[in-house]
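This report covers selected local features of one structure, from a single side chain to the sheet and the core. The sequence and model are shown first.

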Amino acid sequence: MMQVKPIDIGGRTALGIEVKLPKTTLLAVTTDKGYIMCGALDVQLLNDKLKDRKIIAGRAVGVRTLEELLEAPLESVTLEAETLGIHSGMKGMDAVAKMM
């Protein structure tokens with residue numbers, strides 16, 4: 001099952017996406033500029049093999065809900081995210097706000 005829901009962050013709307021799979025749930029919160037995602041995101045791949053795409057993204061591990069994803073500190077971020085002031089340890093919600 002897949003669920004998409006609007007998430008208000010500082011008066012602007014991001015999209016929360018939850019995909020239920022066998023034994024796991026994929027979570028993402030996205031804006032027009034970038035996204036944060038659960039531990040399934042491969043930040044190293046984005047930084048290395050897809051570097052030319054300049055993807056703005058962050059990864060939080062150990063989260064099970066969209067709410068937890070927004071509250072969790074980011075474990076890693078892409079190089080392009082760092083150019084916006086997004087860094088490891090930053091709360092997911094704060095990172096998304098910088099992506100809006």
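N47 lies in helix α1, where helices (H or I, at least four residues) and strands (E, at least two) are DSSP runs numbered from the N terminus. The model is predicted: local features need pLDDT of at least 70, side-chain atom pairs count only at pLDDT 80 or more, and totals for chains, interfaces and linings use all residues. Residues are numbered from 1 along each chain as its sequence is written, and side-chain values use heavy atoms, with hydrogens and water left out.

N47 counts as buried because its relative accessibility is 12%; buried means under 20% relative accessible area, exposed over 50%, and partly exposed in between (1.4 Å probe, protein chains only). The N47 side chain reaches the backbone nitrogen of L79 at 2.8 Å. A polar contact is a pair of N or O atoms within 3.5 Å; within protein, one must be able to donate a hydrogen and the other to accept it, and residues adjacent in sequence count only if both atoms are side-chain atoms.

| Residue | In contact with |
|---|---|
| N47 | V77, T78, L79 |
| L26 | I17, E18, V19, L21, C38, A40 |
| I36 | L27, A28, V29, G58, L69, L70, L74, G92, A95, V96, M99 |

L26 lies in strand β3 and counts as partly exposed because its relative accessibility is 27%. Its C-alpha atom is separated by 9.3 Å from that of L41, 15 residues apart along the chain.

An open sheet is formed by 6 strands in the order β1-β2-β3-β4-β5-β6, with mixed pairing; two strands pair if DSSP finds at least two bridges between them. The edge strands, β1 (2-9) and β6 (76-77), each pair on one side only. β1 and strand β2 (residues 12-21) are antiparallel and paired over 8 bridges, and D8 has T13 in β2 as its bridge partner. Their hairpin has 2 residues between the strands, and G10 takes a positive phi near 60° there. Strands β3 (residues 24-30) and β4 (residues 34-37) run antiparallel, joined by 3 bridges, with T30 opposite Y35 in β4.

The largest nonpolar core has 30 residues, and those with the most contacts inside it are V29, I36, L69, I86 and V96. Such a core is a set of buried Ala, Val, Leu, Ile, Met, Phe, Trp, Tyr and Cys residues joined through side-chain atoms within 4.5 Å. Elements that give two or more residues to this core include α1 (43-48), β5 (56-59), α2 (66-71) and α4 (92-98).

Key:
Contact means heavy atoms within 4.5 Å. Lists of a residue's contacts leave out its neighbours within four places in sequence.
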